Amino acid sequence: MSSRCAVCPGSFDPPTWGHLSLVERGVLLFDRVIVAVAYNSSKAALFSPEERVEMLRESLAGYDPDRVVVDSFDGLLVDYARRQGAVAILRGLRATGDFEYEFQMAMVNQQLAPGIQSVFMMTDARWLHLSSTIVKEAAFYGVDLSAMVPPPVAVRLREKLGRPSPAVSV
Ligand code: ADP
């Protein structure tokens, strides 16, 4: 039987528990999930693509490396997905606000690569409110990040924003 691979693309600036939940549920559907950091995102990023890859690798270290792979890509997502032999592009949906952009992207990707399906998973309700933007804001104000991001990401955010972790502050 052929193995089914999905590419889960995004900015991951930084990765949150919401992203990890998407991957966790993605491996229930696919044999292999490639979490792919986009180099060419139009959003201004806090972390370099290399740092985002490292944070994802640290946060996803518990998975079988054959099932969850972290990578990065430049250029068109569908070209990358094709090169990886992916049958799907896996994305998450939080609130209705995500829908319009995701719908447009899915339509364009369908035209460019009819053989690759866009698959959407609803967020886990626990992470409905989480976005990388909110996390960066919380980190800036020194909020405890443990309910938002995995420990390796919290450490990097503290380093980047020059704020001590509540766990180590005196
Ligand atoms: P992009 O800039 O491409 O939207 P993101 O890093 O913001 O990249 O998101 C990557 C993927 O993770 C997207 O499909 C997004 O919908 C999903 N995602 C982000 N946050 C959550 C969350 N809290 N719950 C579920 N999915 C999420």
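How far is an oxygen atom of the ligand from an N or O atom in the side chain of S11? The distance is 2.5 Å. This is a predicted model, in which local features need pLDDT of at least 70 and side-chain atom pairs count only at pLDDT 80 or more, while totals for chains, interfaces and linings use all residues. Residues are numbered from 1 along each chain as its sequence is written, and side-chain values use heavy atoms, with hydrogens and water left out.

I will stay with the ligand for a moment. In R91, a side-chain N or O atom is 3.1 Å from an oxygen atom of the ligand. For T123, a polar side-chain atom lies 2.7 Å from a nitrogen atom of the ligand. The ligand alone exposes 560 Å², and the protein buries 91% of that, with areas from the Shrake-Rupley method and a 1.4 Å probe.

Now the shell. The ligand is surrounded by 14 residues, each with a heavy atom within 4 Å of it. The closest are S11, K43, G92, T123 and W127. By type, the shell has five nonpolar, six polar and three charged residues. Here Ala, Val, Leu, Ile, Met, Phe, Trp, Tyr, Cys and Pro are nonpolar, Asp, Glu, Lys and Arg are charged, and the others, Gly among them, are polar.

Which elements give two or more residues to that shell? They are β1 (5–10), α1 (17–29) and β4 (88–93). The largest share, three residues, comes from α1. Helices (H or I, at least four residues) and strands (E, at least two) are DSSP runs, numbered from the N terminus.

Next, the loop between β1 and α1. F12 lies in this loop, and its phi is near 50°, a positive value in a residue other than glycine.

Last, the overall fold. The protein has six helices and five strands, in the order β-α-β-α-β-α-β-α-β-α-α from the N terminus. Its radius of gyration is 16 Å, close to the 15 Å that the globule rule gives for 170 residues, so the protein is as compact as a globular protein of that length. That radius is taken over C-alpha atoms, and the rule is 2.2 Å times the number of residues to the power 0.38.

How values were computed. Polar contact = N/O pair within 3.5 Å; in protein donor to acceptor, adjacent residues only side chain to side chain.
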